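Look over the sequence and the model before reading on.

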Amino acid sequence: MTNTDFDFLIGSWDSRQRRLSKVLVGSDEWYEFDATLDCQVYLDGNGVFDVLRAPERGMEGLTLRLYSPDEKVWRIWWASAASGGQLDVPVVGRFEDGVGVFECDDTWEGTPIRVRYRWSAVDTPHPRWEQAFSTDGGQTWEVNWEATFTRRA
């Protein structure tokens, strides 16, 4: 069986990224920048790998997504040049009704947090991704990173 959950992301994209300047301090100051994303799907759809580059921010990162058919969940790891090649704790989840929600427990600057990645608008020309943190076990969320993608011609 072929997994098609991330087929929408295959190829090369331009992206507008938006990040909170300061996370988990009640800030409403954002900064924006452009990025590119190049994505490939492997393992009959159960492996997805992409590279995000934002030269103006000196940012480069990798995402590895692996699907477990037995559990029917994705595990998604992120690593960036800034993390010294370390993989983050994977978020875990699935797509339901065209929206992918993936979560895990982690820490941010010593504070225990719940992390959520959310993919939406995946059936449109401009898929959207966001990252949010929660310090109360997922009762409330602070979105701290958003990205909208446009396929490169």
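In which strand is phenylalanine 49 found? Phenylalanine 49 sits in strand β3, residues 47-54. The model is predicted: local features need pLDDT of at least 70, side-chain atom pairs count only at pLDDT 80 or more, and totals for chains, interfaces and linings use all residues. Residues are numbered from 1 along each chain as its sequence is written, and side-chain values use heavy atoms, with hydrogens and water left out.

**Nonpolar surface patch**

- Tyr42, Leu43, Phe49, Leu62, Leu64 and Leu66 make up a nonpolar patch on the surface.
- Patches take residues with over 30% relative accessible area and no salt bridge; like charges are joined within 9 Å, and nonpolar side chains (Val, Leu, Ile, Met, Phe, Trp, Tyr) within 5 Å.
- Accessible areas come from the Shrake-Rupley method with a 1.4 Å probe, and for residues only the protein chains shown count as cover.
- Strand β4 (residues 59-68) supplies the largest share of the patch, three residues. Strands are DSSP runs of E with at least two residues, and helices are runs of H or I with at least four; both are numbered from the N terminus.
- Phenylalanine 49 counts as partly exposed because its relative accessibility is 32%. Buried means under 20% relative accessible area, exposed over 50%, and partly exposed in between (1.4 Å probe, protein chains only).
- Tyrosine 42 belongs to strand β2. Its relative accessible area is 40%, so tyrosine 42 is partly exposed.
- The C-alpha atoms of tyrosine 42 and histidine 126 are separated by 23 Å. Along the chain, this pair is 84 residues apart.

**Salt bridges**

- Side chains of opposite charge can pair when their charged atoms come close.
- The structure has 15 salt bridges. Each is a side-chain nitrogen of Lys or Arg within 4 Å of a carboxyl oxygen of Asp or Glu.
- Arginine 16 and glutamate 32 form one of them, at 3.2 Å from N to O. Arginine 16 is in strand β1 (residues 11-20) and glutamate 32 in strand β2 (residues 30-42), so their bridge ties together parts 16 residues apart in sequence.
- Both partners are partly exposed: arginine 16 has a relative accessible area of 37%, and glutamate 32 has 41% relative accessibility.
- Arginine 65 and aspartate 50 also meet in a salt bridge, at 2.7 Å from N to O. Arginine 65 lies in strand β4 and aspartate 50 in strand β3, so this pair ties together parts 15 residues apart in sequence.
- Here both partners are buried: arginine 65 has a relative accessible area of 4%, and aspartate 50 has 2% relative accessibility.
- Aspartate 105 pairs with arginine 114 at 3.1 Å from N to O. Aspartate 105 is exposed at 54% relative accessibility, whereas arginine 114 is partly exposed at 22%.
- A network of salt bridges links Arg16, Arg18, Glu32, Asp34, Arg116, Arg128, Glu130 and Glu146.

**Largest pocket**

- The largest pocket holds about 790 Å³ of space. Of the 40 residues that line it, Arg19, Trp78, Asp88, Gln131 and Trp145 are the closest to its centre.
- Pockets are found on a 1 Å grid over the protein atoms alone, as open sets of points where a 1.4 Å probe fits, with protein on both sides within 12 Å along at least five of seven lines; lining residues have an atom within 4 Å of a point.
- Grid points are joined across faces, edges and corners, and the volume is the space filled by probe spheres set on the points.
- The lining has 23 nonpolar, nine polar and eight charged residues. Ala, Val, Leu, Ile, Met, Phe, Trp, Tyr, Cys and Pro count as nonpolar, Asp, Glu, Lys and Arg as charged, and the others, Gly among them, as polar.

**Loop residues**

- Leucine 24 is not a glycine, yet its phi is positive, at about 60°. It is placed in the loop between β1 and β2, and is partly exposed at 28% relative accessibility.
- Aspartate 97 also has a positive phi, near 55°. Its loop runs between β6 (91-96) and β7 (99-108). Aspartate 97 is exposed, with a relative accessible area of 83%.
- Serine 21 lies in the loop between β1 and β2. It is partly exposed, with a relative accessible area of 33%.
- The C-alpha atoms of serine 21 and threonine 36 are 21 Å apart, and the two are 15 residues apart along the chain.
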